[in-house]
Amino acid sequence: MVGMSLHPANADVRNDVWQVQATLQGIVDRVDNEFGLFALFKETAELKAKHAESGGACRWPHWDVETRYHNYFPSDYSPYGTDSMEAGNHLREMYPEIDIPIRPLKVYSDEEPIAFENAARSAELASAMDTSRAYWEIPVTSKMKPVDIWMGGWFVCGCSVDDSFFHIPHTYIGCGYAFYETEIDIKRSAQDIEDLARKSLERHKNSGPIPDAGWDTWDECAQKPIGPLSSHPFVYGGVAESYAWIIIYPSPDNTKLMPMLLVPGEECGPILIPLDTVALSWLRRIYWIGENGQISNFFERIKTLIGFRSGESESIFDGLRLTAPWFKKNPFMKMKEAAEQDSDDMRAYCLRMAIK
């Protein structure tokens with residue numbers, strides 16, 4: 001453990017991390033108790049399974065079925081023929097420092113692609129009907145190194161992060177640097193940090209306006225969230241990987257709700273990081289970058305947003321509490337509501353006809 005933030009010599013750091021984790025979990029528990037969120041998450045998982053069983057295509061908060069089932073093909077299967085070889089060559093040219101293996105193309109009979117597709121669709125359906133996988137596309141049963149397990153977490157959660165995702169209780173916490181780095185030196189020099197922030201800010205300014213909390217609103221007419229991502233241009237500028245939200249989400253083992261860090265990512269999907277003590281310790285290596293160029297440690301930024309100091313706003317609690325009621329209007333709860341309304345209307349019409 002030498003050199004690690006949880007080494008016994010770093011007792012102050014360790015206690016700080018534990019206190020922040022306990023506080024964040026306490027915030028989640030308090031919001032859950034007020035709005036009954038865990039019960040609603042479980043009910044939504046059951047509605048999702050029934051919807052899939054009846055032939056429905058919605059897989060919220062994951063991609064819909066026509067996109068999602070492609071993830072269930074065998075890893076060595078390519079439906080694109082020689083295009084996959086050309087794509088591999090292109091990637092090797094773009095990233096010469098990465099050892100991208102040359103995989104010879106298999107020759108398939110006319111029947112095999114159809115069989116592969118049918119098998120993939122069957123596997124996807126089985127997954128969609130499994131309530132334990134309603135929020136995590138594949139089971140998460142163990143932890144590896146602090147960076148490796150959650151970096152690349154999009155392969156685990158499988159979520160589609162567009163505006164509709166933000167039925168999930170959330171609060172925006174700003175822009176960070178190095179979410180995607182797997183080797184992070186916590187002892188960077190001040191000049192290194194300044195250079196990183198300058199490059200990051202230039203990138204953001206060239207890609208569109210930096211979002212703030214005011215972009216995240218609720219459409220009363222449509223009964224859905226608008227604005228966090230797809231309604232604004234910054235996400236298309238390739239900078240979504242730098243923005244972060246704290247959300248309330250089921251733990252990977254589905255036993256409770258946890259505070260999690262959401263980073264939308266780009267074409268591969270989001271990073272979803274359960275904020276346990278290991279992940280919070282890792283955030284000490286990430287830098288928060290303000291719109292005006294101010295830089296601070298991302299872990300310290302979270303402490304500030306908790307608002308435990310005199311004169312600070314309780315931004316995380318307030319944001320999660322504000323958006324918690326939105327979950328009850330998620331796509332599956334809306335389907336349930338519409339079905340109940342349809343049944344009530346039919347019953348009322350039937351009574352009117354009987355009276356006549």
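This is a predicted model: local features need pLDDT of at least 70, side-chain atom pairs count only at pLDDT 80 or more; totals for chains, interfaces and linings use all residues.
Student: What makes up the chain, in helices and strands?
Tutor: The chain has 12 helices and eight strands.

Student: Why is methionine 346 called exposed?
Tutor: Its relative accessibility is 54%. Exposed means over 50%. Methionine 346 therefore counts as exposed.

Student: Where does methionine 346 lie?
Tutor: Methionine 346 is part of helix H12, which covers residues 331–355.

Student: What makes Met346, Tyr349 and Met353 a nonpolar patch?
Tutor: A patch takes residues with over 30% relative accessible area and no salt bridge, and nonpolar side chains are joined within 5 Å. Met346, Tyr349 and Met353 form such a patch on the surface. Together they have about 310 Å² of accessible area.

Student: How much of the chain counts as buried?
Tutor: Buried means under 20% relative accessible area. Of the 356 residues, 42% count as buried.

Student: Which residues have the most contacts inside the largest nonpolar core?
Tutor: They are Tyr249, Leu261, Leu283 and Ile302, in a core of 60 residues. Strand S4, residues 243–250, gives the largest share of this core, with seven residues.

Student: What does tyrosine 249 touch, leaving out residues up to four places away in sequence?
Tutor: Contact means heavy atoms within 4.5 Å. Among the residues tyrosine 249 touches are Phe41, Pro61, Trp136, Phe165, Met258 and Leu272.

Terms used: Residues are numbered from 1 along each chain as its sequence is written. Side-chain values use heavy atoms; hydrogens and water are left out. Patches are made of residues with over 30% relative accessible area and no salt bridge: like charges are joined within 9 Å, nonpolar side chains (Val, Leu, Ile, Met, Phe, Trp, Tyr) within 5 Å. Accessible areas come from the Shrake-Rupley method with a 1.4 Å probe; for residues, only the protein chains shown count as cover. A salt bridge is a side-chain nitrogen of Lys or Arg within 4 Å of a carboxyl oxygen of Asp or Glu. Helices (H or I, at least four residues) and strands (E, at least two) are DSSP runs, numbered from the N terminus. Buried means under 20% relative accessible area, exposed over 50%, partly exposed in between (1.4 Å probe, protein chains only). A nonpolar core is a set of buried Ala, Val, Leu, Ile, Met, Phe, Trp, Tyr and Cys residues joined through side-chain atoms within 4.5 Å.
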